[in-house]
Amino acid sequence: MSIPAVLSFAAAYLSLILTAAVLLRDRHSFVHRVFAAGVFLLALEEIFRAISYSAVLPLDVLYWNNRVMAISAAIPAAWLLFSVCYARKDSRSHSSRWRWGLLAIGMAPIPLVLIFRKSMFAVVERSGAGNWSLRLGSTGWLLELYLLIVSILILFNLERTIRSSTGRVRWQIKFMALGVAVLFGLRLYLASQAMLFSNIDTKLGATNAAALLVANILFAFSLARGRTLNVDVYLSTTTIQNSFTIILAGFYLLTVGVLARLVSYLNPALSLPLGAFIVFASLTALAVLLLSNRIRRKLRLFVTSHFKRPAYDYRRVWMDLTKRTTSLVGAAELSTAVCRTVSDSLEILSVNVWLVDESQRRLTLAGSTSIPETFSKPLERAGKSAPELIRYLRENPDTLDLDEKAFAWATEVENAAADSFRGARIRYAIGLHAAGELVGVMTLNDDRVGSGGEEPLSTEDTILVQTLASQLAASLLNLKLSARLRNAKEMEAFHAVSTFFVHDLKNLASRLSLTMQNLPINFDNPEFRADALRVISNSLTSIDAMCNRLSMLKQNIELRLAESDLCQLVNATLDEFRVNLRGELERDLHPVPKTIMDSEQIHKVLTNLVMNANEALNGNGVIRVGTLHEGDTVSVSVRDNGCGMSEEFIENSLFRPFQTTKKKGLGIGLFHCKMTVEAHRGKIEVNSIVGKGTEFRVILPVS
């Protein structure tokens, strides 16, 4: 058996072992099954390639290489799906958002493999002892183009994942990403070579087998570190926009093309297998160096030591924190963003933020670079000694080194999340103080890159952490105060509603109580029974009316839009008031175009405005309703010559709930009118003079 065949069988054997190990670890996990499928296809490809090495006739070589190409065409789709769902919180639902694109990419090579397979290779020639040269046909060239494009997409997704990860998560996933990059970086190179020369040399198959062996080792190392593929990385918009994978791929392809032309010019007989392996090994080594936190830290220390500059570029750190937190309004998102900034700046893999509850007796996990969000409640329950740590940090604002003063809370948390603290422990605790209040605690583990847990924080480290902690504390306190203010307003509204309900229900209860007291005495009186039934019926009607009016406070108005005639709607609404108005009703309806609106909701608005105008009349007044078409808007106005309203009331109270000038009103009607009109992308205007009258004008867009 030849050496290339041995390499291929060895790579396939290791791949099958890895497939079984991943499925045994968690066969129900979606990302585990996708990874296992991808590795299995790689093993199958190497088995067919190993068998092809034993072929001695051109037809046999063509037969087995056709099967190798068929399996090779199926591999990218599986690994593209893996690159999309790997390191995502809910991998199945995340990948489902891209299902049509993934399905299209997966189906693309099927017609080429099944229908046009006869034009996969044009010529098969012997290129040396045991080696063959296969000239690509049109189908083969298209498949190589497909492999090249999908390889770029895979590398693009993995680069986004790595750039978005920080701390322990990056430490856990980087070797998995490197393994995939080894495989598809080489396939990118080989596909470009095959397209450039329209030829495949079977000597290059050994390079594929070697790459798979290296990738399997990296995969195994990554699984040993993380024990599972279910990790979570948040992909920021900035990372996606600043991704440079496609730029590097373009530069790489240009470089390979120039190199190939140069080699062809200098020595046309020179083969490129060695060159391919050198390029592959160089790119792998470069990727390892770029992703190594230890090397990046040593480089930073070298610059600091030899160029006499501060250890940190405070302006850059502050700008980075500002960009990450500008649009965040949740305590968890804000805490996680600050954890990432601290982790990136100090090269500490595990940074956590804990919030102090109102009782100052519990610590709840709000953000972390190492602990999953699902651990929040278990850790809160486990940290029974939190009051002691909270009390100490409230009285001592300096950074606490737990090597100098230990607290039982740290040990309780570490034991409750042993996997997240594997090989590390909580070393520092920094109180998040703002306006004299302790709102939270930031903890740093002793897993600093390159220090082995022995190097303490320097003065500059401490200053930077405390600065970031102060900024986070101020933001968290603002969120806390905002929440308290919202609760106060909600309670105020609740008390106002309760007051109205209690008052009205008390009146209804009095009427019903009086009726029930007289019922035994006058039960045989038909007139009394009829009157009692009317009282009960009217009471129920009043209760239903109160509930309906309060239901108008619902914040989200669902519109059923349709083309409607505004003049026709106004006429129908006014017809309902023919015998119920105090004053005279005048109509001034001008022709208007049909409008896209919810007729039922606008009917409620018009009804409310006419009722308000009717109640504002002192005696024999006039209510004038008119319509008008101006530009791309239509409007309906309701004018009365009643009591009017003051400018102060219009500005400060008119459209606010529970603000009214009517003795029996709840102040909800105009509030609901304004919400309805704004939901139609319109506006409502009001002009009023005390003692002279009021005009409301509803303006709606035509479409």
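## Close-up views of a predicted model

**View 1. Phenylalanine 219 and its surroundings.** Setting aside neighbours within four places in sequence, phenylalanine 219 is in contact with Leu18, Phe35, Trp79, Met176, Gly179, Val180 and Leu183. Please keep in mind throughout that the model is predicted. Phe219 also belongs to the largest nonpolar core, which has 48 residues. Together with Phe35, Trp79, Phe82 and Leu229, Phe219 touches the most other members of that core.

View 2. Let us step back to the core of 48 residues. At least two residues of this core come from each of helix H1 (3-25), helix H2 (30-52), helix H3 (58-85), helix H7 (138-164), helix H8 (167-197) and helix H9 (205-226). Which helix gives the largest share of this core? That is H8, with ten residues. As a general background, nonpolar side chains in soluble globular proteins tend to be buried together.

**View 3. Asparagine 216, a buried residue in helix H9.** Here we look at asparagine 216, which is found in helix H9. Is this asparagine 216 buried or exposed? Asparagine 216 has a relative accessible area of 5%, so it counts as buried. Leaving out neighbours within four places in sequence, its contacts are Ala11, Leu14, Ser15, Leu18 and Val39. Leu18 is one of the residues in contact with asparagine 216, and Leu18 is also in contact with phenylalanine 219.

**View 4. Another nonpolar core, and its cysteine.** Apart from the largest nonpolar core of 48 residues lies another core, of 35 residues. Its members include Cys567, Val570, Ala613 and Leu670. Cysteine 567 is buried, at a relative accessible area of 14%. Cysteine 673 is buried as well, at 2%. How many disulfides does a search of the whole structure find? The search finds zero.

**View 5. The salt bridge between arginine 425 and aspartate 446.** The side chains of arginine 425 and aspartate 446 meet in a salt bridge, with 3.3 Å from N to O. Arginine 425 sits in the loop between helix H18 (408-416) and strand E7 (426-434), and aspartate 446 in the loop between strand E8 (437-445) and helix H19 (459-522), so the pair ties together parts that are 21 residues apart in sequence.

View 6. Arginine 448 forms a salt bridge with aspartate 461, and their closest N and O atoms are 2.8 Å apart. Because arginine 448 lies in the loop between E8 and H19 while aspartate 461 lies in helix H19, the pair ties together parts that are 13 residues apart in sequence. Arginine 448 counts as buried at 7% relative accessibility, and aspartate 461 is buried with a relative accessible area of 4%.

**View 7. Arginine 639 and glutamate 695, joining two strands.** In this view the side chains of arginine 639 and glutamate 695 meet in a salt bridge of 3.5 Å, N to O. Arginine 639 is in strand E13 (residues 633-640) and glutamate 695 in strand E15 (residues 693-701), and the pair links these distant parts of the chain, 56 residues apart. Arginine 639 counts as partly exposed, at 39% relative accessibility. In the chain, the count comes to 18 salt bridges.

**View 8. A nonpolar patch on the surface.** Finally, we turn to the outside. Trp100, Leu103, Met107, Ile110, Leu114, Ile115 and Phe116 form a nonpolar patch on the surface, and their accessible area together is about 780 Å². Helix H5 (99-107) and helix H6 (110-114) each supply at least two residues of the nonpolar patch, and H5 gives the largest share, three residues. Where is phenylalanine 116 found? Phenylalanine 116 is in the loop between H6 and strand E1 (121-128). At 45% relative accessibility, phenylalanine 116 counts as partly exposed.

**View 9. The whole chain, for orientation.** The chain has 24 helices and 15 strands. Buried residues make up 47% of its 703 residues. Among contacts between residues at least 6 apart in sequence, 72% join residues at least 24 apart. The chain exposes about 36,900 Å², of which carbon and sulfur atoms supply 59%.

Note on methods: Residues are numbered from 1 along each chain as its sequence is written. This is a predicted model: local features need pLDDT of at least 70, side-chain atom pairs count only at pLDDT 80 or more; totals for chains, interfaces and linings use all residues. Side-chain values use heavy atoms; hydrogens and water are left out. Helices (H or I, at least four residues) and strands (E, at least two) are DSSP runs, numbered from the N terminus. Buried means under 20% relative accessible area, exposed over 50%, partly exposed in between (1.4 Å probe, protein chains only). Contact means heavy atoms within 4.5 Å. Accessible areas come from the Shrake-Rupley method with a 1.4 Å probe; for residues, only the protein chains shown count as cover. A salt bridge is a side-chain nitrogen of Lys or Arg within 4 Å of a carboxyl oxygen of Asp or Glu. A nonpolar core is a set of buried Ala, Val, Leu, Ile, Met, Phe, Trp, Tyr and Cys residues joined through side-chain atoms within 4.5 Å. A disulfide is a pair of cysteine sulfur atoms within 2.5 Å. Patches are made of residues with over 30% relative accessible area and no salt bridge: like charges are joined within 9 Å, nonpolar side chains (Val, Leu, Ile, Met, Phe, Trp, Tyr) within 5 Å.
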